[in-house]
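Below are my entries, in the order I looked things up.

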Amino acid sequence: MRALSDMPIGFPGLFGDWTINPDPIAIDIGNGIYWYGIILAAAMLAGMFLCMKQAKNYGLTEDNVMDVVLWAVPSCIVGARAYYVLFYLDLYRAADGSLIWGDIIAIWDGGLAIYGAVLVGVLVLFLFARAKKLKASALIDLGVLGLMLGQVIGRWANFINREAFGAETTLPWRMRLWVDYTQYVDVHPTFLYESLWNLAGLLLILFVVSRGRRFDGENACFYLLWYGLGRTWIEGLRSDSLYLFDWTLAGEPIRVSQALSVVMVLISVTVLFYMIVVRKSTAEGLLVNQLAAAEADAAAAETQDEAADEIAEDAAPAPVEENEEAHDGDEN
């Protein structure tokens, strides 16, 4: 089910007859500058800014963030689009079966899958960390913060495009969309659910999880667990899910995002159990703490060297001064 992008959006259970009718095109120049792209750009910049401010807490620098962003952002956009197109490939075929490449690259019309961005982003971070000799797990922990903030903001691009909504509902916070010029539907605002869910997860990471981290990668595990649980629930409400080809489970089509979410949750629980219960990881192993300990050792060694130099100077014999009176007597 698709909603018309030129018809108003309403929340009749909350605001009565109040509606909003945002034009997907923000600036009508050429093919148009779309709100979708503007919001996603704002989401990326906000995520980058947050990572730069938090970098020192993970043993990294602002330059590390800037460098990886140059590689990760374009790669994640390509990954998100490729993931979406792969599972909706028939939408991008002409009558003769050939691919319509112009439609495939038209991301301003919507159609980005966050899991594609996540998978490609993790790969880019690993490769970047390897190339720069950085600790990949610490870099990913930092990147998760930017990713979650980006998702909080980026979901509002779906609101402007009238997409990523759920099934019909009568709940007070239902969202009213028009499927043609005479018929509307009241649906779950699943874009809002996910935005708020990610905001809660981000706040938990910033103020709880990151302050008690025991190993690099713990933020990432929490993200997989938190987002996986939320997406499993939210995806079940959506009416525009990507399906795993024509595969079924118990007679029902398999939603790609739900299947991947379950895998994410299982992986995160396994890693958390292993690192915390089996390995009994402690904060001493964090990159930021290792660097701090190394700096403290270096400072202590420098202090010891300076103290040794002072002791050596004090222990050195004083220079012998000539007796001026003796010299005077010799001259007489």
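This is a predicted model: local features need pLDDT of at least 70, side-chain atom pairs count only at pLDDT 80 or more; totals for chains, interfaces and linings use all residues.

**Entry 1: where I started**

Trp156 and Phe159 sit together in helix H6, which covers residues 136–161. They are 3 residues apart, or about one turn of the helix.

Trp156 has a relative accessible area of 37%, so I wrote it down as partly exposed. Phe159 comes out at 10%, so I noted it as buried.

**Entry 2: aromatic pairs**

How many aromatic pairs does a search of the whole structure find? I noted 11. For Trp156 and Phe159, I found ring centres 5.6 Å apart and planes at 70°, so I filed the pair as edge-to-face. The cut-off I needed here is that planes over 60 degrees apart count as edge-to-face.

I also noted an aromatic cluster made of Phe11, Phe15 and Trp18.

**Entry 3: around Tyr184**

What sits over the ring of Tyr184? I found the charged end of Arg176 there, 4.0 Å from the ring centre.

Arg176 turned up again when I looked for salt bridges: its partner is Asp186, with the closest N and O atoms 2.8 Å apart. Arg176 belongs to strand S5 (residues 175–178) and Asp186 to strand S6 (residues 184–187), so this bridge ties together parts that are 10 residues apart in sequence.

Are these two partners buried or partly exposed? Arg176 is partly exposed, at 22% relative accessibility. Asp186 is buried, at 12%.

I counted up the salt bridges and wrote down 11 for the structure. One of them joins the side chains of Glu194 and Arg155, at 3.1 Å from N to O. Glu194 is in helix H7 (residues 190–209) and Arg155 is in helix H6, so I marked this as a link between distant parts of the chain, 39 residues apart.

I checked the cover on both. Glu194 has a relative accessibility of 2% and counts as buried. Arg155 is buried too, with a relative accessible area of 11%.

Next I looked at Glu218 and Arg214, whose salt bridge has its closest N and O atoms 2.6 Å apart. Glu218 is buried, at 5% relative accessible area, whereas Arg214 is partly exposed, at 31%.

Which residues do shared partners join into one network? My list reads Arg155, Glu194, Arg231, Glu235 and Arg238, linked by salt bridges.

I picked Leu147 in helix H6 and found it partly exposed, with a relative accessible area of 24%. What does Leu147 touch, leaving aside residues up to four places away in sequence? I wrote down Ile114, Val118 and Tyr223. I also looked up the spacing between Leu147 and Arg213: they are 66 residues apart along the chain, and their C-alpha atoms are separated by 18 Å.

Then I turned to Leu86, in helix H3 (residues 62–87). Leu86 is partly exposed, at 47% relative accessible area. From Leu86 to Asp186 I noted 100 residues in sequence and 29 Å in space, C-alpha to C-alpha.

**Entry 4: stepping back**

I finished with the chain as a whole. I noted 11 helices and 8 strands. The C-alpha trace spans about 130 × 50 × 45 Å along its principal axes. The radius of gyration is 30 Å, while a compact globule of 332 residues would be near 20 Å.

I looked up burial for the whole chain as well: 41% of the 332 residues count as buried. The chain exposes about 19000 Å², and carbon and sulfur atoms supply 63% of that area.

Conventions
Residues are numbered from 1 along each chain as its sequence is written. Side-chain values use heavy atoms; hydrogens and water are left out. Rings of Phe, Tyr and Trp (its six-membered ring) pair if their centres lie within 6.5 Å; planes under 30 degrees apart count as stacked, over 60 as edge-to-face and the rest as tilted. Helices (H or I, at least four residues) and strands (E, at least two) are DSSP runs, numbered from the N terminus. Buried means under 20% relative accessible area, exposed over 50%, partly exposed in between (1.4 Å probe, protein chains only). A charge sits over a ring if NZ of Lys or CZ of Arg is within 6 Å of the ring centre and within 35 degrees of the ring normal. A salt bridge is a side-chain nitrogen of Lys or Arg within 4 Å of a carboxyl oxygen of Asp or Glu. The radius of gyration is taken over C-alpha atoms; the globule rule is 2.2 Å times the number of residues to the power 0.38. Accessible areas come from the Shrake-Rupley method with a 1.4 Å probe; for residues, only the protein chains shown count as cover. Contact means heavy atoms within 4.5 Å.
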